[in-house]
Amino acid sequence: MQLLLDSLIAFLQSTGIAKIFAATESTAIALGGIDVGAIIMIGISFVLLYLAIGKGFEPLLLLPIAFGMLLANLPMSNIMHIEYFIGDGTDPNFQINYGEVLHHGGLFDLLYMGVKLGIYPPLIFMGIGAMTDFSPLISNPKSLLLGAAAQLGVFVAFFGALLLGFNLLEAMSIGIIGGADGPTAILVTKTLAPTLLPAIAIAAYSYMALIPIIQPPIMKALTTKKERAVKMTTLREVSKTEKIVFPIIVATVVILIVPDAAPLIGSLMLGNLFKESGVTERLSKTVQNELINIITIFLGVTVGATASANTFLKKETIFIIILGLVAFCISTVGGLLFGKLMYYVTGGKINPLIGSAGVSAVPMAARVSQTVGQKEDPTNFLLMHAMGPNVAGVIGSAVAAGVFLTFAKFFA
Amino acid sequence: MENILSQGAVIALVGYLLVFVVLSAIWGILELSKKFFTRKTDKVKEEAITPPPAPKAETKVEIGEDEEELIAVLTAAVAASLGRTSTYNLNIKSYRRVGSSSPAWNKISRQENLS
């Protein structure tokens, strides 16, 4: 009888429920022995799951992120050992012991190495490259400038983060949220400020889903009725040779000037060349379907799993959420103002609304330009014109990331 | 703190400028290459494009009797691919055979996608 009782107690003590009510010093946020941190994190993961499934916010990424977060925060699940990668989160010079990860790590620890070593974001970019049609940009290369202008939010949010007391490297990672590009933000953050990774990834993907709500008020406020009604001339047709040469030119030019952008731009353009060359149809099909899907699953669950109460439930997370929103808004403003400049320079040939599409969230931002334009004049079709700055924004944010990674080496 | 802020201001300014420089460089090269490549490819382009069958177009068709069956087949094919329309709404204006230059592997892959 005693044996039965003992084994029952032993079993109960090994459950996660017992662990929640017996928080030790190792858990950061505990109240009267109850692990409040874990409970809040599980709650947040439920909210994110609702946003992904119920509201359809970037579900392909938010759902795996939220579920990874849930699994990692259920006590005793031991599915992810974030301490292998960031130590206790306070030492910026923490060296990862990969031997330990390989010997003792679980499923998510091993998958997370793909994030930590910067393998997943470039592979995702390869898929994006194979899915992207750069012809609106090739036929109207001026839109590259709009893609550059819309990186304004990146640098303003970076400066804002410094003002709020973040260090240089953290501020760079926060700023890159304004590039509106998930893989880029993840690549920069995992290199410069790994402890902020979950907060930044979640902020970046949530705001991308909110672009149709964030952008239109700014667009209406900054443009006049007349500007919004501008109809642009039809884009010229782009030859196959131009489409093939484009990725080769872009990769060469960008990587020569900003070598640190090589993994992102190189993969993006390789994927695009798979698509446009016409001789590697099978490879193109793989990178834009199977490969990108597999990597998205790995990336999502592991990034979510790094969100532990210790690293996530801090006032910094709230700052990141606010700065992320600021970054998105200012990027929109930057693109719009440059669009207005081009409107004046070209004598009213360019509709400034396509400027806001310079934030790289493809194709949402371009669709927003189309919608806002059509509200002014239902016969106006801006979508293809807006796709130019939109895909230029992808290149722009990758360049901005490269610039940050380069500066990080000099200043930090 | 002030030191970090002044560093930050420099990074932000130079960084934003650099993004412009890089993208402008691509713009410049694209403009140059446009002149170079479009001239060369014009002829190829004309041959490669199928004249799209014009639905509901009013046409004066001049066709030989032996071509009627072919036109009927083409009309049916266009109607089938457009879905929800009848062959009465279509008129084939002209047609031309387009040579295929894609290798056998690509064709197989395309068929896999279609089926």
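**Figure 1. Where chain B meets chain A.** Start with the place where the two chains touch: 30 residues of chain B are in contact with 37 residues of chain A. Keep in mind that this is a predicted model. On the chain B side, two helices, H1 (2-48) and H3 (104-114), each supply at least two of the touching residues. H1(B) gives the largest share, with 27 residues. Sort the touching residues of chain B by type and you get 17 nonpolar, ten polar and three charged.

Figure 2. Is A:Ser173 buried or exposed? A:Ser173 is buried, because 31 other C-beta atoms lie within 10 Å, and 20 or more is enough to count as buried. Now look for A:Thr189: it is 16 residues away from A:Ser173 in sequence, yet the two C-alpha atoms are 4.9 Å apart in space. If you skip the neighbours within four places in sequence, A:Ser173 is in contact with A:Val188, A:Thr189, A:Leu192, A:Ala193, A:Leu196 and A:Ile200.

**Figure 3. Helices H18 and H23 of chain A, packed together.** H18(A) spans residues 262-277 and H23(A) spans residues 383-411; their axes are 8 Å apart and the packing angle is about 155°. That angle makes the two helices roughly antiparallel, since anything over 145 degrees counts that way. Who meets whom here? From H18(A) come A:Leu264, A:Ile265 and A:Leu268, and they meet A:Val394, A:Ile395, A:Ala398 and A:Ala401 of H23(A). The contact is made of seven nonpolar residues, with no polar and no charged ones. H18(A) is largely enclosed by the rest of the structure, because 14 of its 16 residues are buried. Just past the end of H18(A) you'll find A:Gly278, which takes a positive phi of about 80°.

Figure 4. On the H15(A) side, look for A:Ile211, A:Pro212, A:Gln215, A:Pro216, A:Met219 and A:Lys220; they meet A:Met364, A:Ala365, A:Val368 and A:Val372 in H22(A). How do the residues of this contact divide by type? There are eight nonpolar, one polar and one charged.

Definitions and conventions: Residues are numbered from 1 along each chain as its sequence is written. Chains are lettered from A and ligands numbered from 1 in the order in which they are written. This is a predicted model: local features need pLDDT of at least 70, side-chain atom pairs count only at pLDDT 80 or more; totals for chains, interfaces and linings use all residues. Two residues are in contact if their C-beta atoms, placed from the backbone, lie within 7 Å. Helices (H or I, at least four residues) and strands (E, at least two) are DSSP runs, numbered from the N terminus. Ala, Val, Leu, Ile, Met, Phe, Trp, Tyr, Cys and Pro count as nonpolar, Asp, Glu, Lys and Arg as charged, and the others, Gly among them, as polar. A residue is buried if 20 or more other C-beta atoms lie within 10 Å of its own, exposed if 12 or fewer, and partly exposed in between; C-beta atoms are placed from the backbone. Axes are lines fitted to C-alpha atoms, for helices over the stretch in contact, and angles run from 0 to 180 degrees between N-to-C directions. Angles under 35 degrees count as roughly parallel, over 145 as roughly antiparallel, 65 to 115 as roughly perpendicular and the rest as oblique.
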